Amino acid sequence: MPQTIIGQFNPVAVMFFVLFVISTLGITYWAAKRTRTTKDFYAAGRSVTGFQNGLALAGDYMSAASFLGIAGLVSTRGYDGLIYSVGWLVGWPIIMFLISEPLRNLGKYTFADVVAYRLNQRPIRAAAAAGSLVVVITYLIAQMVGAGTLIRLMFGIPFEAAVLIVGTLMISYVLFGGMIATTWVQIIKACLLLGGATILVIMTMYRFNFSYGELFSQAEALYTNKFLEPGGLITSPLDAFSLGLALMFGTAGLPHILMRFFTVPDARAARKSVFFATGFIGYFYILTVTIGFGAAVIVGQKLIMSIDKGGNMAGPLLAEALGGNLFLGFLAAVAFATILAVVAGLTLAGASAFSHDLYVGVIRRGQAAEKEEVKVAKIATVGLGVTAMLLGILFKGQNVAFLVGLTFAIAASANFPALAMSIMWKRFTTKGAVASIYTGLTIATVLIILSPTVWVDIVHKSEKAAWDIKDKVGKINKDLKIAAPGQALTPEDEAANKKIEKAAAMEIIAADAAVKGKIDDLNKGIKTAPAGAALSSADTDSNKQINDQIDHILAAESPRVFKDKIESITSVSPKPQPIFPLKNPGIFSMGAAFLVGILFSLFGRDKVAEAKYNDEKIRSSIGIGAED
């Protein structure tokens with residue numbers, strides 16, 4: 001197993017972190033002096049060019065889930081990790097051909113402006129704000145988990161403190177710099193991430209003579225051919241299809257992505273934005289696949305999972321294995337920049353939904369001064385930041401790509417159906433839009449709570465952990481040797497039984513995080529011989545000393561104590577089962593949102609909305625009357 005310094009205080013990484021934070025805070029200070037109006041705060045004064053916005057969109061979209069999560073999923077689950085990279089990418093043509101131009105021509109600051117263009121403003125804005133806020137908060141959870149894990153391992157500080165640091169910086173960017181600061185932080189982050197990932201892939205492929213055939217053959221040799229086949233992550237075809245739908249259409253329902261189209265001067269620049277963004281994002285997702293497989297072969301799943309059970313540190317571990325501490329520090333800072341840029345965009349989108357849609361559109365009925373609206377947005381920014389920190393701590397240890405997949409299911413269900421039907425269907429009504437949004441939001445959220453991801457892994461976390469350990473110990477103990485009646489075990493069988501008992505004790509001890517941490521730290525020092533070579537006598541002695549230390553810990557921390565705890569939980573609580581079997585509910589929640597929106601519209605016509613449809617089509621296509 002390769003050695004790593006991840007998990008210890010890393011001064012090189014801290015130096016890169018501090019440099020990035022100082023530079024971005026400088027941008028925030030510069031932006032704060034140029035943020036004077038509501039248009040500056042929400043839309044950067046509509047002064048961003050198509051190329052700049054394409055980079056910013058890529059920076060906003062290539063999140064911790066993309067860089068840390070997908071690489072982690074590929075390295076630990078193999079082929080199925082590609083579902084996320086492909087699913088997220090193919091959502092962009094939908095935005096380019098269906099959404100970007102009408103959105104820029106019809107809207108002002110949020111996607112609710114588009115849905116409410118010819119419909120009743122107050123109920124639409126209330127529903128749209130609810131959908132946007134739930135999407136933003138669930139997306140923020142994934143970013144906070146990734147950020148907390150990264151900083152904890154680089155700084156050697158507690159996860160909770162790391163989440164608080166990220167949350168504080170996130171609030172600062174949005175509170176003082178608005179969209180101008182957020183845009184430039186995203187542009188810088190996109191350049192750093194694309195550059196860093198490219199270097200990492202080149203270094204990885206150099207180890208395999210720039211041959212993907214050699215990379216995949218080594219992966220197959222280590223993890224069998226199942227690692228290169230579907231079924232490692234998602235075994236149900238229905239679940240795979242549901243996840244694919246959510247990833248594709250969820251992209252077109254993300255508030256922080258849709259909000260970026262209001263920063264450009266016109267629809268032509270909006271189309272250019274999507275063109276450039278799709279190219280940057282597509283290139284990056286190709287890189288993450290290579291990073292994931294490279295980490296599985298060069299670093300190894302055992303070390304990846306021992307550092308973070310969600311697999312989120314696969315990329316940084318690969319960087320350390322190939323480029324040492326300096327490259328690790330740089331790439332960790334890039335990952336940190338990735339998270340900060342995305343959370344800033346998310347927070348701004350959530351704040352705009354609360355202030356522009358909910359406060360001004362619903363509570364004040366459209367009558368509010370610009371200063372008042374911005375003040376409410378800043379208060380909402382602080383509230384969202386605190387909420388994201390608390391939820392990030394609650395979801396500690398989950399894979400960030402997986403968490404974002406659930407967010408996309410909500411976005412695809414709550415936001416996309418109403419947005420698409422309002423643009424393309426003349427008969428669409430206010431009641432249909434409101435019913436569609438609330439139906440998609442409610443069903444997606446409820447089914448996610450009842451799914452294995454939340455109901456089993458979060459709500460019944462302790463019971464699941466106890467049953468998992470009991471099942472593992474049961475499988476291990478099946479290999480125990482039993483002497484025939486009247487006979488004694490052979491010395492070889494006794495030695496084998498001791499190894500099996502030790503393995504079972506290790507699984508039981510894992511119930512105590514502190515003891516498990518001690519053993520994991522010791523295991524990092526185990527030496528392995530290169531292929532075809534033998535361990536040196538010094539390494540053999542070192543391994544023996546480490547194993548003796550582990551045996552001492554197992555003897556001192558009696559596994560019987562922890563075994564009794566596990567038995568007490570499993571004897572009272574049955575093995576937790578999900579109420580809703582699919583991990584991603586997109587196919588049901590999005591389908592229900594479309595169906596309900598259509599039915600409500602068909603059974604209650606809105607002649608005023610229908611009369612405005614032709615005007616909407618002209619403006620959405622030509623741009624006459626669009627916000628400048």
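Biologist: With which residue does Arg-118 form a salt bridge, and how far apart are the closest N and O atoms?

Modeller: Side chains of opposite charge can pair when their charged atoms come close. In this predicted model, Arg-118 forms a salt bridge with Glu-616, and the closest N and O atoms are 3.2 Å apart. Arg-118 lies in the loop between α7 (112-115) and α8 (121-155), while Glu-616 belongs to helix α28 (residues 613-622), so the pair ties together parts that are 498 residues apart in sequence.

Biologist: Is Arg-118 buried or exposed, and is Glu-616 buried or exposed?

Modeller: The term "buried" applies under 20% relative accessible area. Arg-118 has 2% relative accessibility and therefore counts as buried. Glu-616 is also buried, with a relative accessible area of 2%.

Biologist: Which residue meets Arg-427 in a salt bridge, and where do the two residues lie?

Modeller: The side chain of Arg-427 meets that of Glu-610 in a salt bridge, at 3.6 Å from N to O. This pair links distant parts of the chain, 183 residues apart: Arg-427 is in the loop between α18 (416-424) and α19 (430-450), and Glu-610 is in helix α27 (residues 607-611). Arg-427 is partly exposed, its relative accessible area being 23%, whereas Glu-610 is buried at 11%.

Biologist: Which salt bridge joins Arg-605 to another side chain?

Modeller: Arg-605 meets Glu-610 in a salt bridge, with 2.9 Å from N to O. Arg-605 counts as exposed, at 52% relative accessibility, because the term "exposed" applies over 50%.

Biologist: Which residues are linked in a network of salt bridges, and how many salt bridges are counted?

Modeller: Asp-113, Arg-125 and Asp-357 are linked in such a network. The count comes to 7 salt bridges.

Biologist: Which domains does the domain assignment give, and how far apart do their C-alpha centres lie?

Modeller: The assignment gives domain 1 (11-460 + 581-622) and domain 2 (462-480 + 490-526 + 536-572). The C-alpha centres of domain 1 and domain 2 lie 40 Å apart.

Biologist: How many salt bridges and how many residue pairs in polar contact are counted between domain 1 and domain 2?

Modeller: The count is 0 salt bridges, and it is 0 residue pairs in polar contact.

Biologist: Where is Thr-381 placed, and is Thr-381 buried or exposed?

Modeller: Thr-381 is in helix α16 (residues 370-394). Thr-381 is buried, with a relative accessible area of 0%. Leaving aside neighbours within four places in sequence, Thr-381 is in contact with Ile-171, Val-174, Leu-175, Thr-347 and Ala-351.

Key. Residues are numbered from 1 along each chain as its sequence is written. This is a predicted model: local features need pLDDT of at least 70, side-chain atom pairs count only at pLDDT 80 or more; totals for chains, interfaces and linings use all residues. Side-chain values use heavy atoms; hydrogens and water are left out. A salt bridge is a side-chain nitrogen of Lys or Arg within 4 Å of a carboxyl oxygen of Asp or Glu. Helices (H or I, at least four residues) and strands (E, at least two) are DSSP runs, numbered from the N terminus. Buried means under 20% relative accessible area, exposed over 50%, partly exposed in between (1.4 Å probe, protein chains only). Domain bounds come from an automatic or database domain assignment. A polar contact is a pair of N or O atoms within 3.5 Å; within protein, one must be able to donate a hydrogen and the other to accept it, and residues adjacent in sequence count only if both atoms are side-chain atoms. Contact means heavy atoms within 4.5 Å.
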